[in-house]
Amino acid sequence: MAGCFSFTATRDRCYRYSFSSAGLKSTTTDLGGGTIMHCWVPKTPKHSKPSLLLIHGIGANAMWQWNHFVSPFTHRFNVYVPDLLFFGDSYSARPDRSESFQARSVAALLEAHGVHKTSVVGISYGGFVAYSMAAHFPERVEKVALCCTGVCLEERDMDEGMFKVKSVDDAVNILLPQTPEKMRELVQLAFAKPIKLMPTCFLTDFIHVMCTENRQERKELIEALHKDRKLANLPKITQPTLLIWGEQDRVFPLELAHRLKRHLGEKAQLVVIKNAGHALNIEKPKEMYLNLKSFLIDPITPSMQENHSNSRKVD
C-alpha cells in the first residue's frame, strides 16, 4: 500500500480534526512499567461539568468508534476517550491481558489527568473494561452504560452453541480480520443490514492500517475474555447501569443482555434497539445517543424510573 492513496488514513485524519473541533486534544501518558496510554482529553476542562469516559471495543481506534458521539457530549461533559492498550498509540510491555489490567490502566490514566469521578460508557470489549472499572473503583464511577457487552458470558456458552463462531480461534480470525473475505464476514456478523458494496481495495487498505499492528496482543485479549469465565465469578456492580443492545446482535446475542439484567437486578435497565446488530454505534448512532443522553443527562422522575425497571424496545 506504500505510495498509494489510503482511504483509511484519510478518514483517520478527518476524525482527528473532528475530535479537535469538539474541544479535545491528543495526549500520551506514561503510566510506568512500560505502559503508555493515548487519550483524547478536554483542551480546557471545566470544573462545572461532570466527566464522561467513552471506551471503545475491538476493532479500529477510539476515534472511529466514538466520532458520532464526541461533539454532542462535549457540550455537557468533560469527555475522555482513551485508546485501550494495544490499540491506537497505547501499549504495554507487561504480559497481563485481562480486562482488569485494562481497567486499572484507564483508572491510572484518569488519575494522571486529575479526574477522580466519572460516568463511563463502554461498547463491546470496552464494556468489559467499563464493568471492571465499576467493580474495582466503585467510588470513582458514578453511572455505567454497557452497549452490546457480553460481560456475563460463560466459557461453556460457546460449546453449547450460543455463538455463531464455533471456537475462540474462529472468533479471533473474524474479529481481527487479515483478508478482505474475513472482513466481509465481520461486517455480516456485526450489522443487522450489512453493507453490500465493499470494494476489495478499501477492505485491504483498512486491514493494512487498522488490523495488523499488535495483532498477537489483541488475540490474547480476546482469549483472556473467554478462558475460565463463569457468571458466578462476576461481581455485581452497584452503580445505576444502562444496558443497550441490538435486537439482532450476533456477536453477543440478546440472551446475554437478559442474563446480565437478571444478574444486576433493579440497578440495571435494558433497552433493546430494533433492526440493529452488534455495531450499534455505527448502525444506530442516533438511537444509541438518545438513550445514553436520557440515562446520563436527563432527570429521571419516579414514573420514568418505574418504566425503566423493565426492558424496553426502541424502534
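Me: Is N214 buried or exposed?
Reply: This is a predicted model. In it, N214 counts as buried, because its relative accessibility is 16% and the cut-off for buried is under 20%.

Me: Where does N214 lie?
Reply: In the loop between α8 (200-211) and α9.

Me: What about the phi of N214?
Reply: The phi of N214 is positive, about 60°, although N214 is not a glycine.

Me: Which way does the phi of C148 go, positive or negative?
Reply: Positive, at about 50°, and C148 is not a glycine either. C148 is found in the loop between β7 and α5 (156-159).

Me: Buried or exposed, that C148?
Reply: C148 counts as buried, because its relative accessibility is 0%.

Me: Now strand β7. Where is V144 found?
Reply: V144 is in β7, which runs over residues 141-147. V144 is buried, with a relative accessible area of 0%.

Me: What is V144 in contact with, leaving aside neighbours within four places in sequence?
Reply: V120, A134, I237, Q239, P240, T241, L242 and F295.

Me: And how far is V144 from K196?
Reply: They are 34 Å apart in space, C-alpha to C-alpha, and 52 residues apart in sequence.

Me: A134 was one of the V144 contacts. Is A134 buried or exposed in α4?
Reply: A134 is buried. Helix α4 is mostly covered, with ten of its twelve residues buried. Among the others on that buried list are Y125, F128, Y131 and M133.

Me: What covers the buried residues of α4?
Reply: The cover includes the strands β3 (51-55), β6 (118-123) and β7, and the helices α3, α9 (215-226) and α10 (254-264).

Me: How about α3, what does it reach from its first C-alpha to its last?
Reply: It reaches 20 Å, close to the 20 Å expected for its 14 residues, 99-112. Helix α3 is mostly covered, with ten of those 14 residues buried. The buried ones include E99, F101, V106, L109 and L110.

Me: What follows α3?
Reply: G114 follows, and its phi is positive, near 80°.

Me: Pockets next. What volume has the second largest pocket?
Reply: About 300 Å³.

Me: Which residues lie nearest the centre of that second largest pocket?
Reply: E99, R229, N233, L234 and P235, out of 18 residues in the lining. E99 is also among the buried residues of α3.

Me: Which helix gives the most to that lining?
Reply: Helix α4, with five residues. Both α3 and α4 (125-136) supply at least two residues each.

Me: How does the lining split by class?
Reply: It has nine nonpolar, five polar and four charged residues.

Me: Last topic, annotation. What does UniProt say for residues 50-285?
Reply: The unreviewed UniProt entry carries "domain: AB hydrolase-1" over residues 50-285.

Me: And what is the helix and strand content over residues 50-285?
Reply: The chain there is 43% helix and 16% strand. The end C-alpha atoms of that stretch are 22 Å apart.

Conventions: Residues numbered from 1 in each chain as written. Predicted model: local features only at pLDDT ≥ 70, side-chain atom pairs only at ≥ 80, totals over all residues. Heavy atoms only, no water. Helix = DSSP H or I, 4+ residues; strand = E, 2+ residues; numbered from the N terminus. Expected span 1.5 Å × (residues − 1). Buried < 20%, exposed > 50% of the residue type's maximum accessible area, 1.4 Å probe, protein only. UniProt positions renumbered as here; feature names shortened; annotations may be inferred. 1 Å grid on protein atoms, 1.4 Å probe; cavity = no way out; pocket = protein on both sides within 12 Å on 5 of 7 lines; lining within 4 Å. Points joined across faces, edges and corners; volume = space filled by probe spheres on them. Nonpolar A, V, L, I, M, F, W, Y, C, P; charged D, E, K, R; others polar. Contact = heavy atoms within 4.5 Å.
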